[in-house]
Amino acid sequence: PIPTPTPIPAQTEIISDSTFKTYTDDDNRFSIEYPDGWVFEDDTGSEALAWFDDQYDWRTDVQVFWNEDDTHDNRYDSKLFRDIEQSQFELCRDYTFAEWGRECSDFRAGESYTMYTSDNKKVYFVSMTYTIVWQMDDYDGWIINGKEYDVVSTVGIIFTGDNSSWEITTESIGTYLEHADEIRYMMKSFSMDPNTQKQVQP
């Protein structure tokens, strides 16, 4: 079947001001802005270096990862987008209750395009949708084990000069349209030179 594009609302201008905070990595490897009022964690218990939730009982989360040995390899943009979509499909396919506490199905690739960070680094942005069923022990939040949830996810990949990449991933359950502009703003605000102040462009 032909993938159905995920609807992406038009980008609106968001100026960095008091409605956003800046997180700078403890090792000064990166900084990223996030909406004031969101919940931040850096002790995530996972491979994520930073984790941002729209609320304590999250409906949208944003995570930052560092990928070693992920090289641009002079691939055309179209090839990179297909490779990103394939890797996200495989991630969805390989989720298991035993290892991850969830299973994923009905993966559909959405839109893909490039944009630039505040320090002029190219971001490869891909959106997708899928269905998640969780099975979690000792969980007392809003998610119901065994229920299907429709998820809108995005990923932004930023390649570095040392054959590695930064990855910003998001998942939203029923809140993507509400937070879409904030998500893209966060990706644009990402900086590998956190000591330099920059303004994010719309």
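Two strands count as paired here if DSSP finds at least two bridges between them. Helices (H or I, at least four residues) and strands (E, at least two) are DSSP runs, which I number from the N terminus.

**Ground rules.** I am working on a predicted model, so I take local features only at pLDDT of at least 70 and side-chain atom pairs only at pLDDT 80 or more, while totals for chains, interfaces and linings use all residues. Residues are numbered from 1 along each chain as its sequence is written, and side-chain values use heavy atoms, with hydrogens and water left out.

**Strand pairing.** I started with Arg108, which stands opposite Thr129 in β7. Strands β6 and β7 run antiparallel and are joined by 11 bridges. Their hairpin has five residues between the strands, and in it Asn120 takes a positive phi near 65 degrees. On to the next pair: β7 and strand β8 (residues 148–159) also run antiparallel, with 10 bridges between them. There I found Val133 opposite Glu148 in β8.

**How covered is β7?** I checked how many of the 13 residues of strand β7 (residues 122–134) are buried. The count is 11, with buried meaning under 20% relative accessible area, exposed over 50% and partly exposed in between (1.4 Å probe, protein chains only).

**Disulfide.** I searched the whole structure for disulfides (cysteine sulfur atoms within 2.5 Å) and got one. Cys92 and Cys104 form it, with their sulfur atoms 1.9 Å apart. The pair links distant parts of the chain, 12 residues apart: Cys92 sits in helix α1 (residues 77–94) and Cys104 in strand β6 (residues 102–116). The link is left-handed, at -95 degrees about the S-S bond. Both Cys92 and Cys104 are buried.

**Cores.** Next I looked up nonpolar cores, meaning sets of buried Ala, Val, Leu, Ile, Met, Phe, Trp, Tyr and Cys residues joined through side-chain atoms within 4.5 Å. The largest has 23 residues, and Tyr124, Tyr130, Trp134 and Ile173 have the most contacts inside it. I see at least two residues of this core from each of α1, β6, β7 and β8. Strand β7 gives the largest share, six residues. I then listed what Tyr130 is in contact with (heavy atoms within 4.5 Å), leaving aside neighbours within four places in sequence: among them are Cys92, Cys104, Phe107, Tyr149 and Glu171. A second, separate core of 22 residues includes Ile32, Phe125, Val152 and Tyr176.

**Loop residues.** Asn28 has about 60 degrees and lies in the loop between β1 (20–24) and β2 (31–35). At 35% relative accessibility, Asn28 counts as partly exposed. Asn74 has about 55 degrees and lies in the loop between β5 and α1. Asn74 counts as exposed, at 75% relative accessibility. For context, most residues other than glycine have a negative phi.

I also stopped at Gly141, in the loop between β7 and β8. Gly141 is partly exposed, with a relative accessible area of 30%. The C-alpha atoms of Gly141 and Tyr56 are 9.6 Å apart, although 85 residues separate the two along the chain.
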